[in-house]
Amino acid sequence: MAEQKKVRFVIERQDGPNDKPYTQEFDVDYRPGLNVVAALMEIQKNPVTVDGKTVAPVVWECNCLEKVCGACMMVINGKARQACCSLVDKLDQPIHLAPARTFPVIRDLLIDRSVMFESLKRIHGWVAVDGSWDSKDAPGQNPYTAQTAYEISHCMTCGCCLEACPNVGPQSDFIGPAPTVQAYLFNLHPLGKYDAPIRLNALMEKGGITSCGNSQNCVEVCPKNIKLTTYLAQLNRDVNKQALRNIFDH
Amino acid sequence: MFHTTFYLRRLHSLVGLLALGLVLFEHIFTNSMAIGGPKALNGALAMMELIPHPIFVAIEVTCIGVPLLFHAIYGIYIALQAKNNPSHYGYVRNWQFALQRWTAWYLVVFLLWHVFYLRIFVKGITGTPISYELLQTYFTSHPVFTVLYILGMFAAIFHFTNGITTFCMTWGIAKGPRVQSVINVLSMCLCAVLCLVTLVFMGSYFI
């Protein structure tokens with residue numbers, strides 16, 4: 001029988017939020033169609049490094065395993081992406097895994113992305129409704145913008161765009177492309193549009209849309225192919241108009 | 001609520017494109033007269049001297065000094081908020097983003113040297129008028145300075161032309177990816193042309 005092919009993983013690990021990072025290497029048995037999450041599961045079953053040392057299993061986060069939930073976002077070979085849809089066959093080996101350090105690291109590849117939820121609250125990322133009862137005559141979606149709204153609604157707050165954006169990180173207060181563009185989704189909504197001035201004014205604050213530096217990495221790395229730069233430009237237009245309204249309406 | 005950040009950022013963008021863009025074009029225009037020889041450049045410099053001195057200084061301070069200082073100081077604050085990462089994300093726009101900041105750092109140092117030496121020291125303190133002969137002696141006797149000046153011009157030209165592209169994005173003028181890339185290509189063509197013009201007029205001092 002032919003010798004079992006191995007895949008080498010170089011993983012950047014960290015024991016706790018304030019601990020120093022270190023790397024460990026693992027070999028995983030190759031099988032066709034192997035992806036990074038499946039490989040991490042193999043490492044979890046048998047957490048032995050290439051030096052034969054048994055170590056604590058690598059911690060990471062995953063959920064849906066079909067690029068819908070966003071939980072398994074990590075830095076794979078230098079780029080932010082979902083681990084579940086990163087096929088080993090399509091990656092250069094050895095495969096380097098690291099946590100997305102734009103966010104606080106909890107342990108190993110597990111990060112705390114609650115900052116994005118805070119940003120969504122900040123941009124008023126919801127539609128205010130009167131109550132929880134059925135509204136029979138609620139307005140329908142505008143058919144001309146429904147496709148765009150559907151596209152932006154795919155955002156799963158995975159954080160790829162924040163990790164790739166040079167203007168997001170501990171050195172900056174930019175809320176990042178994903179939460180910014182969500183403001184446009186809710187501004188398109190037939191009821192949500194009534195709160196558009198609140199969202200646009202929020203985006204004009206420190207760390208809002210003006211912190212965008214047009215590197216356009218976000219649109220390159222978005223796993224859901226959301227045209228982030230197009231909607232950022234649209235929002236730039238909208239905040240300019242809002243600024244004029246702020247100046248000349250009072 | 002008064003959105004200070006918003007207005008500062010937009011002002012930074014406007015000042016860079018309009019005020020400093022004009023300063024850059026004036027420099028390229030006047031300096032390219034050197035291609036026509038001493039007479040042409042000295043003639044162009046004499047034309048500027050026709051503006052009465054107090055008005056000239058007032059224009060220099062309000063239209064160059066203040067915008068430049070604001071753009072530089074607020075720009076340093078902006079540049080410090082970026083963690084350039086083109087080595088990981090090697091897309092064209094990301095390289096341009098990083099170059100926009102690297103050229104900015106070079107320009108801060110270069111312009112301090114350029115303004116303090118040529119404008120404040122040579123022209124202001126020693127009272128020597130800037131002329132073709134002065135520049136020719138300066139550049140031909142200091143090849144390193146010539147290279148630093150050419151790099152300074154390249155940096156300013158790239159920073160300005162890339163700034164046209166980002167201006168169109170920041171102001172929501174160019175929204176879709178097609179128009180954005182068309183503007184980017186046109187800006188970079190302008191960048192190449194202006195760099196070429198710079199090489200020609202700088203080279204003309206040596207022949």
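**Reading the sheet and its surroundings**

Modeller: In chain A, five strands make up an open sheet of mixed pairing, in the order 2-1-5-3-4. This is a predicted model, in which local features need pLDDT of at least 70 and side-chain atom pairs count only at pLDDT 80 or more, while totals for chains, interfaces and linings use all residues. Residues are numbered from 1 along each chain as its sequence is written, and chains are lettered from A and ligands numbered from 1 in the order in which they are written.

Biologist: Which strands of chain A stand at the edges, and why is one side of each left without a neighbour in the sheet?

Modeller: Strands of a sheet pair through backbone hydrogen bonds, in either the parallel or the antiparallel sense. Here two strands pair if DSSP finds at least two bridges between them; strands (E, at least two residues) and helices (H or I, at least four) are DSSP runs numbered from the N terminus. Strand 2 (22-29) and strand 4 (79-82) of chain A are at the edges; each has a single partner strand, so one side of each lacks a neighbour in the sheet. From one strand to the next, the twist averages 35°.

Biologist: How many bridges join strand 1 of chain A to strand 2 of chain A?

Modeller: Eight bridges join them, and the two strands run antiparallel. Within that pairing, Val10(A) stands opposite Glu25(A) of strand 2. Strand 1 (residues 6-13) of chain A also pairs with strand 5 (residues 95-98) of chain A, in the parallel sense over three bridges; there the bridge partner of Val10(A) is His96(A). Strand 5 of chain A pairs in the antiparallel sense with strand 3 (residues 73-76) of chain A, over two bridges, and Ile76(A) stands opposite Leu97(A) of strand 5.

Biologist: Which residues does Phe186(A) touch, and is Phe186(A) buried or exposed?

Modeller: A residue is buried if 20 or more other C-beta atoms lie within 10 Å of its own, exposed if 12 or fewer, and partly exposed in between, with C-beta atoms placed from the backbone. Phe186(A), in helix 5 (residues 177-188) of chain A, counts as buried because it has 24 C-beta neighbours inside 10 Å. Two residues are in contact if their C-beta atoms, placed from the backbone, lie within 7 Å. Leaving aside residues up to four places away in sequence, Phe186(A) touches Gly125(A), Trp126(A), Val127(A), Gly192(A) and Arg199(A). Arg199(A) is itself one of the buried residues of helix 6 (residues 196-203) of chain A, and the buried residues of that helix pack against helix 2 (114-122), helix 5 and helix 8 (228-248) of chain A.

Biologist: Are His124(A) and Asn225(A) buried or exposed?

Modeller: His124(A) is buried because 22 other C-beta atoms lie within 10 Å. Asn225(A) counts as exposed because it has 9 C-beta neighbours inside 10 Å.

Biologist: At what angle do helix 1 of chain B and helix 6 of chain B pack?

Modeller: Two packed helices are described by the angle between their axes and the distance between the axes. Axes are lines fitted to C-alpha atoms, for helices over the stretch in contact, and angles run from 0 to 180 degrees between N-to-C directions. Helix 1 and helix 6 of chain B pack at about 145°, with axes 10 Å apart. Residues meeting there include Gly16(B) and Leu17(B) of helix 1 and Phe160(B) and Gly163(B) of helix 6.

Biologist: How many residues does the contact take from chain A and from chain B?

Modeller: The contact takes 28 residues from chain A and 26 residues from chain B. On the chain B side, helix 1 (4-32), helix 4 (92-125) and helix 6 (143-170) each supply at least two residues. The predictor gives the complex an ipTM of 0.92 and a pTM of 0.94.
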